[in-house]
Amino acid sequence: VIRHILAGETVLNTEVRAYRTDGAPLAVMVSAAPLRDSAGQIHSVMGVLADVTDRKAAEAALERHAREMSVLYETSLDVANSSDPMQILRSVLQHAADMLGAPMGAVYLLEEAEGRLDLAVGHRLPEGFHGRQLRLGEGLAGRVAQGGEAMVVDNYSAWEGRIEGVEDAGLRRMAGAPLRHGG
């Protein structure tokens, strides 16, 4: 912005990133113009700065909501057009992963009588996950199923509770949540 003004140009409605004194980021809309003396030399600048941080946050929230509604609509169409439970799970998983920006996902089904989880549906999973069966308490899915509470692991590849054989898969942040049926 300063470079343009010093070159004699007017700057209109240009968004810049600034920082508050406490270090918090701030979105600022700048409009400025050089003021010249009688010899045509720039002697000062007249400008207006407007904090648009809240507006930008509201726009982002609206975009996120629109994406979520679109995914919900697409998912409902897929569910309405299928009677195959696995296809429905696959569709829901794919749409949920895409909406969250997750590169992959999985749904494990609990076989209570055997005390294990079977990988029912996977979405872009790395090698080592396909065909997996987990014991309750094993891996993230096993711990979530056992405890009944959502969990987040910041670095799965280095996590002591990871399942064997996936150390080199490059897995990082993972989240798991229980899906309940009938209570």
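This note goes through the predicted model point by point, from overall form to single residues.

1. Basis. The model is predicted: local features need pLDDT of at least 70, side-chain atom pairs count only at pLDDT 80 or more, and totals for chains, interfaces and linings use all residues. Residues are numbered from 1 along each chain as its sequence is written, and side-chain values use heavy atoms, with hydrogens and water left out.

2. Elements. The chain has 4 helices and 8 strands. Helices (H or I, at least four residues) and strands (E, at least two) are DSSP runs, numbered from the N terminus. Read from that end, the order is α-β-β-β-α-α-β-β-β-α-β-β.

3. Overall form. The radius of gyration of the chain is 26 Å, whereas a compact globule of 183 residues would have one near 16 Å. That radius is taken over C-alpha atoms, and the globule rule is 2.2 Å times the number of residues to the power 0.38. Along the principal axes, the C-alpha atoms fill a box of roughly 90 × 40 × 30 Å.

4. Burial and surface. Of the 183 residues, 25% count as buried. Buried means under 20% relative accessible area, exposed over 50%, and partly exposed in between (1.4 Å probe, protein chains only). The chain exposes about 12400 Å², of which carbon and sulfur atoms supply 53%. Accessible areas come from the Shrake-Rupley method with a 1.4 Å probe; for residues, only the protein chains shown count as cover.

5. Contacts along the chain. Contact means heavy atoms within 4.5 Å. Among contacts between residues at least 6 apart in sequence, 30% join residues at least 24 apart.

6. Largest core. A nonpolar core is a set of buried Ala, Val, Leu, Ile, Met, Phe, Trp, Tyr and Cys residues joined through side-chain atoms within 4.5 Å. The largest one has 14 residues, and Tyr108, Phe129, Leu140, Tyr156, Ile163 and Val166 touch the most other members. Strand β5 (116-123) and helix α4 (139-147) each supply at least two residues of this core. Apart from it lies another core, of 6 residues, including Val11, Leu26, Val30 and Ala32.

7. Ile163. Which residues does Ile163 touch, not counting those up to four places away in sequence? They are Phe129, Arg132, Leu134, Glu138, Gly139 and Tyr156.

8. Helix α4. Gly139, Leu140, Gly142 and Val144 are buried in α4. The buried residues of this helix pack against β5, β6 (133-135), β7 (151-153) and β8 (174-176). Gly148 follows α4 and has a positive phi, near 75 degrees.

9. Aromatic pair. A search of the whole structure finds 1 aromatic pair. The ring centres of Tyr156 and Trp159 are 5.6 Å apart and the planes stand at 45 degrees, so the pair is tilted. Rings of Phe, Tyr and Trp (its six-membered ring) pair if their centres lie within 6.5 Å; planes under 30 degrees apart count as stacked, over 60 as edge-to-face and the rest as tilted. Tyr156 is buried, with a relative accessible area of 2%, and Trp159 is buried at 10%.

10. Asp118. This residue lies in strand β5. Is Asp118 buried or exposed? At 16% relative accessibility, Asp118 counts as buried. Leaving aside neighbours within four places in sequence, Asp118 is in contact with Val107, Tyr108, Leu109, Glu111, Arg132 and Gln133.

11. Strands β2 (residues 25-36) and β3 run antiparallel and are joined by 9 bridges; two strands pair if DSSP finds at least two bridges between them. Met29 stands opposite Ala50 in β3. The hairpin has 5 residues between the strands, and Gly40 takes a positive phi near 85 degrees. Strand β3 (residues 42-51) is hardly covered: the count of buried residues among its 10 residues is 0.

12. Backbone points to check by eye. Asn13 is not a glycine, yet has a positive phi of about 45 degrees. Asn13 lies in strand β1 (residues 11-19) and is exposed, with a relative accessible area of 58%. Arg124, also not a glycine, has a positive phi of about 55 degrees; Arg124 lies in the loop between β5 and β6.
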